Amino acid sequence: MKKKWWHDKVAYQIYPKSFLDTNGDGIGDLKGIISRLDYLKDLGIDIIWLSPVYQSPFVDQGYDISDYYKIAEEFGTMEEFDELLAEAKKRDMYILMDLVINHCSDRHEWFQKALADPYGKYGGYFHFVKGRDGKAPSNYRSYFGGSAWEPVPGTDLYYLHMFAKEQPDLNWENPELREEIYKMINWWLDKGLAGFRIDAIINIKKDLSFPSFAPDGEDGLASCVKMVEKVNGVGEYLEDIKRHTFAKYDAFTVAEVFNMKDDELAEFIGDEGHFSSMFDFSAHTLMQGENGWHDVRRPSFKEWRDTIFSAQKRVQGIGFEANIIENHDEPRGASRFLPEYAQNEAGKKMLATASILLYGIPFIYQGQEIGMTNCRRSDISEYDDISTKDQYHEALRAGCSEAQALECCYENSRDNARTPMQWSADAGAGFTKGTPWLSINPNYVCINVEEQRNRSDSVLSYYRTLIALRKSPEYKETFTYGRFVPAYEDEDEIFAFYRVSEESSQDILVAANYGTAPVTLNLELSEGKNSGVKVLLSNKGKEREQEEQARKDGSITLNSCESVVLTF
Ligand code: TEU
Ligand code: CA
């Protein structure tokens, strides 16, 4: 594998609206981000991904862009953005923006002009398609519910929107549109961006005959993802984008790809792949319900572990995936992946250990480093997220009571991750002096940065130590390039793997006990190697006694919610 500048980096996702508000309007802003760069640097972060900060009506929280060349007023100015770039650079940090090019906002000038003249130049920027028998061109259901087609007023045309109706899909078949997008990407890269996180990109390729599919719900519609899964040829677009933009800048790109075909991994993220990296969502997809949040299933610990292990094995020798516990579209990982008895600081550290030390680029989502959790709401009106509202009603339609539907939202809502960052126990959680745009999780009084910052056994301190270990000169080679090898797979409640490096001749074992009973693992040491065991990290501060046991007995005992990182 060719070495790249970003291989050994640790990344952090900022959801700007909820990060830090400096002017009291209840909305996070660029100034807030600038003022916390030192906090992130201290945590060990190299790369920062900003969820969209472009001008937007915020129907889908900035994923509906009305001007790709402007910063949203709510967040600040272009001067402040430039200052953010400069301040990051001073600290050897890299900024990624979110690239949302499958669709734009219906408020975008292109779409407004298209509506005014559907058969003119800008009509061709979108999928304006004639209805069939006075109905929509096909039976697609959008990702946010309802038909993916919306009538174009005053015509017999419909426009396609795979997400909200305020997010019309762009027509990638049109070379003029592609040119416009490339120009825009290069404009940002010229400013000094390090690259992009690329939104929903697999959707850009459409089957222009827009075939209908057998309905998969009582609404008579079929998920639009069916068309995406069937159509071929997205790779040509992706290659074209790369060649005209990213490749010229050695940019780092991490793509949001669902529904990739199995044999396409190398094509996507191999040495010459379309992207630098893409997220491993396998554990998240495993948790999805077939028909929505009301039938989400709770997989067993083993299913979850084996899913992550398969993804790790699959990517070996091909490229680097980006590993996440959570993001702005997912519930909080501590609430989702930890059994009830492990939803505490030890459990959160255990979860972090594996995620950060897996093979790939770790991405931490804001608040994960202090162990933020899902947030309970007592009424649907307290949610903001468009997809939460859709899923709530979907649950009611499927026969759930209001209380049950709310429970689905508590467990799955995207707003769980979008509540304001908990900086302190002050009113407004240190996030705002005004009224927050989305109400703060009441547990901010105990879970917050200020409380954890100088407490040496806090989740935050542990993240700092964990990242420092991953990046330490001694172990960096192994944690970056070392092979992933599963360990103790026949143990039902142990999550364990080796990182093995021929280069540094190091073997590192990472092991965690997700069960309730203690487990003793015999270390697979060759004769006389006991004395060489070194415990690098314990989530319970038990480095010394674990090392003693390993050296004496060649074994390690992990109590419930205990994890260890050791080398031999
Ligand atoms: O997400 C794409 C995507 O597929 C999501 O719709 C996902 O299935 C959903 O969030 C699960 O509830 C990206 C962004 O990450 C998301 O925030 C945007 O809403 C979406 O694209 C549209 O831009
Ligand atoms: Ca603000």
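Phenylalanine 19 is buried, and tryptophan 423 is buried as well. Buried means under 20% relative accessible area, exposed over 50%, and partly exposed in between (1.4 Å probe, protein chains only). The model is predicted: local features need pLDDT of at least 70, side-chain atom pairs count only at pLDDT 80 or more, and totals for chains, interfaces and linings use all residues. Residues are numbered from 1 along each chain as its sequence is written, chains are lettered from A and ligands numbered from 1 in the order in which they are written, and side-chain values use heavy atoms, with hydrogens and water left out.

Phenylalanine 19 and tryptophan 423 form an edge-to-face aromatic pair, with 5.2 Å from centre to centre and 80° between the planes. Rings of Phe, Tyr and Trp (its six-membered ring) pair if their centres lie within 6.5 Å; planes under 30 degrees apart count as stacked, over 60 as edge-to-face and the rest as tilted. This pair links distant parts of the chain, 404 residues apart. Phenylalanine 19 is in the loop between β1 (11-14) and α1 (30-35), and tryptophan 423 is in the loop between α16 (415-418) and α17 (449-453). Helices (H or I, at least four residues) and strands (E, at least two) are DSSP runs, numbered from the N terminus.

Phenylalanine 258 and phenylalanine 281 form a stacked pair, because their ring centres are 4.5 Å apart and their planes meet at 15°. Phenylalanine 258 is partly exposed, at 28% relative accessible area. Phenylalanine 281 is buried, at 5%. The structure holds 46 aromatic pairs. One aromatic cluster is formed by Tyr54, Tyr68, Tyr69, Phe81, Trp110, Tyr122, Tyr125, Trp187 and Trp188.

Charged side chains also meet rings. Lysine 17 lies over the face of tryptophan 437, 4.3 Å from the ring centre. The charged end of arginine 376 sits over the ring of tyrosine 410, at 3.7 Å from its centre. A charge sits over a ring if NZ of Lys or CZ of Arg is within 6 Å of the ring centre and within 35 degrees of the ring normal.

The largest nonpolar core has 163 residues. Such a core is a set of buried Ala, Val, Leu, Ile, Met, Phe, Trp, Tyr and Cys residues joined through side-chain atoms within 4.5 Å. Phe81, Phe196 and Trp304 have the most contacts inside the largest core. A second, separate core of 20 residues includes Leu525, Val535, Ala550 and Leu566. Beyond its neighbours within four places in sequence, phenylalanine 81 is in contact (heavy atoms within 4.5 Å) with Leu30, Leu50, Val53, Ile71, Met97, Trp188 and Leu193.

The calcium ion (ligand 2) is coordinated at 2.3 to 2.4 Å by Asp21 (OD), Asn23 (OD1), Asp25 (OD), Ile27 (O) and Asp29 (OD). Donors are N, O and S atoms within 2.8 Å of the metal (3.2 Å for Na, K and Ca); water is not among the atoms, so sites may look incomplete. Along the chain, the donors follow the spacing D-x1-N-x1-D-x1-I-x1-D. Asparagine 23 counts as exposed, at 53% relative accessibility. Aspartate 25 is partly exposed, at 35%.

The protein has 20 helices and 22 strands. Of its 568 residues, 63% count as buried. Its C-alpha atoms fill a box of roughly 80 × 50 × 50 Å along the principal axes.
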